[in-house]
Amino acid sequence: MASAVCGVTARAHLPSAVPAAARKLFFRCRAASTMNEASASSPDAEEKKTTTVFVAGSTGRTGKLVVEKLLAKGFGVVAGTTDVSRARGSLPQDPNLQLVRADVTEGVDKLVEAVRGVDAVVCATGFRRSFDPFAPWKVDNFGTVNLVEACRKAGVARFVLVSSILVNGAAMGQLLNPAYIVLNLLGLTLVAKLQAENHIRKSGIDYTIVRPGGLTDQPPTGNIVMEPEDTLYSGSISRSQVAEVAVEALVCPESSYKVVEIIARTDAPNRSLKDIIFLTRENLLKPSV
């Protein structure tokens with residue numbers, strides 16, 4: 001029986017514009033997300049390869065939720081963390097979860113070993129506030145670039161980045177937006193994120209960049225609104241919803257080479273994520289350049 005994912009059925013023919021590598025990974029990711037629905041007694045069940053995703057920032061408040069949602073959908077997860085002991089205490093105990101030490105600030109070569117053999121990467125890193133004025137650049141810029149280059153060296157073809165709205169605030173005429181000012185007071189955080197995004201776009205890797213509004217730790221209080229890049233300049237969203245979108249990007253072929261912005265609104269229509277993700281506007285379906 002064909003099951004719908006992002007408006008595409010299990011037997012759907014993907015558009016020819018979707019790159020071959022993305023098409024192959026999409027079908028593998030979709031298979032992983034529906035593996036719990038398959039019969040355990042299937043003769044070839046043991047031969048099916050579980051899609052494995054590396055999560056950078058896995059013990060962070062958003063990254064942890066990404067890990068949990070990936071495991072719930074049947075993915076194998078390699079959780080990258082700077083503190084393996086801490087990760088053991090905060091992440092789920094699951095046979096499909098592997099913990100590895102990985103620090104995006106320590107250079108490309110060490111990261112290559114951490115991501116080698118995985119099918120995709122979700123980057124949910126974020127700098128921790130400190131007295132180091134360069135911390136945002138070390139993590140949100142150089143760290144993300146290191147991870148992208150590690151993926152290129154290791155042959156990982158899929159990359160999902162959790163970024164932020166307003167990263168391109170200057171071009172949007174939002175220089176006086178209080179949120180843009182405050183975030184950039186912390187070491188030019190948004191500028192650092194934008195530079196990392198630009199590197200991803202030029203890398204040749206099949207990417208999806210998810211730009212959420214202000215992150216909250218509370219359960220969702222509104223419905224997801226998804227817009228094209230450089231559209232939203234205010235609003236907030238639950239980290240849980242951000243994690244849902246990041247994971248759904250892995251199984252949605254329309255997400256390839258896209259930048260999307262998301263917030264939550266109480267007056268937005270209450271539709272399932274699969275009905276709205278990456279399909280809200282015609283220009284969301286066009287590759288970002």
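Is Tyr 207 buried or exposed at 2% relative accessibility? Tyr 207 counts as buried at this value, where buried stands for under 20% relative accessible area, exposed for over 50% and partly exposed for what lies in between, with a 1.4 Å probe and protein chains only. The legends below describe a predicted model, in which local features need pLDDT of at least 70 and side-chain atom pairs count only at pLDDT 80 or more, while totals for chains, interfaces and linings use all residues. Residues are numbered from 1 along each chain as its sequence is written, and side-chain values use heavy atoms, with hydrogens and water left out.

**View 1. The aromatic pair of Tyr 207 and Tyr 257.** A pair of aromatic rings is described by the distance of the centres and the angle of the planes. Rings of Phe, Tyr and Trp (its six-membered ring) pair if their centres lie within 6.5 Å; planes under 30 degrees apart count as stacked, over 60 as edge-to-face and the rest as tilted. The structure holds 2 aromatic pairs. In Trp 137 and Phe 142, the centres are 6.3 Å apart with 50° between the planes, and this pair is tilted. Because the ring centres of Tyr 207 and Tyr 257 are 5.5 Å apart and their planes stand at 85°, that pair is edge-to-face. The pair links distant parts of the chain: Tyr 207 belongs to strand β6 (residues 206–212), and Tyr 257 to the loop between α8 and β10 (258–265), 50 residues apart. Helices (H or I, at least four residues) and strands (E, at least two) are DSSP runs, numbered from the N terminus. Tyr 257 is partly exposed, at 22% relative accessibility.

**View 2. The rings of Trp 137 and Phe 142.** Trp 137 has a relative accessible area of 21% and is partly exposed. Phe 142 is also partly exposed, with 48% relative accessibility.

**View 3. The buried face of helix α2.** In α2, which spans residues 63–72, the buried residues are Gly 63, Val 66, Val 67, Leu 70 and Leu 71. Viewed down the helix axis, these residues fall within an arc of 130°, so they line one face of α2; the arc is that of the directions from the helix axis to the C-beta atoms. Their cover includes β1, β2, β3 (97–101), β4 (120–123) and α8 (239–249), where contact means heavy atoms within 4.5 Å. After α2 comes Gly 74, with a positive phi near 95°.

**View 4. Leu 71 and its contacts.** Leu 71 is part of helix α2 and counts as buried at 12% relative accessibility. Leaving aside residues up to four places away in sequence, Leu 71 touches Val 77, Pro 92, Asp 94, Asn 96 and Leu 97. The C-alpha atoms of Leu 71 and Asp 94 are separated by 7.9 Å, although the two residues are 23 apart along the chain.

**View 5. The largest pocket.** The pocket holds about 1,300 Å³ of space. On a 1 Å grid over the protein atoms alone, a pocket is an open set of points with protein on both sides within 12 Å along at least five of seven lines, a cavity is a set where a 1.4 Å probe fits but cannot get out, and lining residues have an atom within 4 Å of a point. Grid points are joined across faces, edges and corners, and a volume is the space filled by probe spheres set on the points. The largest pocket is lined by 45 residues, and Ala 124, Thr 125, Gly 126, Phe 127 and Arg 239 lie nearest its centre. Elements that give two or more residues to this lining are β1 (52–56), β2 (76–81), α5, α6 (178–185), α7 and β7 (214–216). Helix α7 gives the most, with 3 residues.

**View 6. The largest cavity.** The structure holds 2 cavities of 30 Å³ or more, and about 60 Å³ of space lies in the largest. Its lining consists of Cys 123, Thr 125, Asp 140, Thr 144, Leu 161, Val 162, Ser 163, Lys 193 and Ala 196. Two or more of the lining residues come from each of α5 (135–154), β5 (158–162) and α7 (189–203).

**View 7. Positive phi at Leu 188.** Leu 188 is not a glycine, yet its phi is positive, about 55°. Leu 188 is placed in the loop between α6 and α7 and is partly exposed, at 43% relative accessibility.
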